Amino acid sequence: MKTKLQTKYSLIILSLVVVIVATLSGITLFIFKSTMKDSTNLSAEIARKNLLDQIKLRAELMAKFLSEDLVNPLYVYDMESVSDICNIAGEQKDVIQVLVFDKEGHIIYYNTRSKPLLNVKIDDVSAKTLKSRNLEILSTETLMIAAAPIMIHDQLLGGVKAEFSLDSIFKDINKTNNQLQAISVKGVEQTIFYVFIITGVLSALGITLSIFVARSMSRPIKQLSKFAHVIGNGKFEIDIPINRSDEIGELADSFKIMSGNLKQTTVSKEYLDNIVKNIIDTLIIVTPKSIIKTVNGATCDLLGFNKEELIGKSVAKIIKDDENHIFDETGLVDLVHRGFLKNIEINYVAKDKNIIPMLFSASVLFNKTEKSYEIVCVAKDITEQKKIKEQIEKSLREKEVLLQEVYHRTKNNMQIISSLLTLQSNHIEDEYYVNIFNDSQNRIRSMSLVHEKLYQSRDLSRIDFNEYVGSLTVSLLRAYRTGKGRIDLRKEIADCTFNIETAITCGLVINELVSNSLKYAFPNNRDGDLFVSLQLLDNNKYKLIVKDNGIGMPEDINYLQAKTLGLQLVNSLTKQLDGAIKLNRNNGTEFSITFRELEYKKRI
């Protein structure tokens, strides 16, 4: 009768624990689901607003940049340049339309037509920007439209309009909503999991209390039975807390002696199982016939199989190795010969046929006689690392496009400055000042040419100097020798590339020396020879030579302390290159400059 009462009390305690835990779990789960739903809705709305603000900013910037870039082409009605600029803009992400209109509201360029639409009037947004002479933005359900006036000083030339599609934005918003809902569902699932864990723990606590209440004489026997099973499973490091003077005590002492003897002569199976179980990476043991002998829990968790579905099956069921052929006949022979294979990329195939990239290593484990062996395969899931790598590569590609755009805009801005100098020089009658303007234009052109070559180069940080010097010297010949005597230009430029610092500085030196020869070495329209050379010396040094067979530089001119701006620039730029300059006055004029490439200055 006493035993039945103790059992009843144990069941009452256990029932109370279960009821309390179930109630608290239900309340917790309800509150968490409500909170997650509100948070998901708020996050989705914030994400939508941010994405729309981003594309609005893009539209404003593109309209602004286009209005600036189109000033000169529209002013001179250079439709080819207008087309080039608009085509570049039209290739940007989400841009579906770019059009240019004059100050009367007639469309003069439309990126899907080849002829001006002079009889087609502009829409309300474009008309509004002509009237207000300000940037105008209009957002519809499917479009973001930005229109900006094109003005030079206070003169209105026309306007430009760019239309952005919001389809990709709404796709991103839907994707974000789905991700937030997935996070919410996952959070609920995790909460349910933790609730079950807590329920289990508290239930175990209730059972423990019940056990303490339900003491009986059968407890020592049950303990000994349990210890017998534990020892039989290979766990010898146990303590048997039974100290009695009767037959049960003698039996407990016998278990203790047996456990100690087995511990000294046998490796604990639990010890080995714990090592395999606690390995984070996947572990597969394969026979010489490529049959799976055992797998750890991490393998099953990753691939979605249970152990029974894998053990005894061919390893080809889960390993897709089209490149290394590890487990074919030739690959196994090579692996046994080498003894190990370390850190190669292969693919695992999950139960749902999903391909998982893995960093794979294998080691051959021989028995004592080395007549048989097994292959221990350890692999790590590198899906996230590959995703991060792809994201980094994508980011680098985007930065390269942005850097190209910067070089392109820098070149365009310098060309605008050069054009402004040309316009200004047309109003100057004094030849001395006209020459000053022309020299300044050529210096700007030499720097602009660097940015043009960088924009066209695959390597955005270095420039092919041979190609650059060719373009620069041809440009200078056109500028100074049109309609004059013939100049035979020879170049011997080493096959080398320079960073932007060295290219601009060295390019300005060549511009000054070649310009000086073309202006002064061959008076009265006489013919002559001009030689430009760049040699690679030892110790990573370069030697630049600019030589002509003209009348030569007068002996009374000290080129190191010259008063002319050109030679002053040459000396100053040579110092920037940490170089040395020499002058040879025999048979014309020959400047030679020895220098090193400037160290690249990090900009980020």
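## A buried cysteine and its surroundings

Cys506 counts as buried, at 0% relative accessibility (buried is under 20% relative accessible area, exposed over 50%, partly exposed in between, with a 1.4 Å probe and protein chains only). This is a predicted model, where local features need pLDDT of at least 70, side-chain atom pairs count only at pLDDT 80 or more, and totals for chains, interfaces and linings use all residues. Residues are numbered from 1 along each chain as its sequence is written, and side-chain values use heavy atoms, with hydrogens and water left out.

The structure as a whole has zero disulfides, a disulfide being a pair of cysteine sulfur atoms within 2.5 Å.

| Residue | Relative accessible area |
|---|---|
| Cys300 | 10% |
| Cys506 | 0% |
| Glu512 | 8% |

Glu512 belongs to helix H15 (residues 500-520). Its side chain makes a polar contact of 3.5 Å with the side chain of Asn511. For that term, the pair is N or O atoms within 3.5 Å; within protein, one must be able to donate a hydrogen and the other to accept it, and residues adjacent in sequence count only if both atoms are side-chain atoms.

Zooming out, the protein has 16 helices and 19 strands; these are DSSP runs numbered from the N terminus, helices being H or I of at least four residues and strands E of at least two. Of its 604 residues, 37% are buried.

Now for the strands, which pair if DSSP finds at least two bridges between them. Strand E1 (residues 95-102) is mostly covered, with seven of its eight residues buried. E1 runs antiparallel to strand E6 (residues 155-165), joined by seven bridges, and Phe101 faces Gly159 in E6. E1 also pairs with strand E2 (residues 106-110), again antiparallel, over three bridges; there, Val100 has Tyr109 as its bridge partner. Three residues separate E1 and E2 in this hairpin, and Gly105 in the turn has a positive phi of about 90°.

Elsewhere, six strands make an open, antiparallel sheet in the order E8-E7-E12-E11-E10-E9. Its edge strands, E8 (292-295) and E9 (319-320), each pair on one side only. Within the sheet, five bridges link strand E7 (residues 282-286) to strand E12 (residues 373-381) in the antiparallel sense, and Ile285 has Val376 in E12 as its bridge partner.
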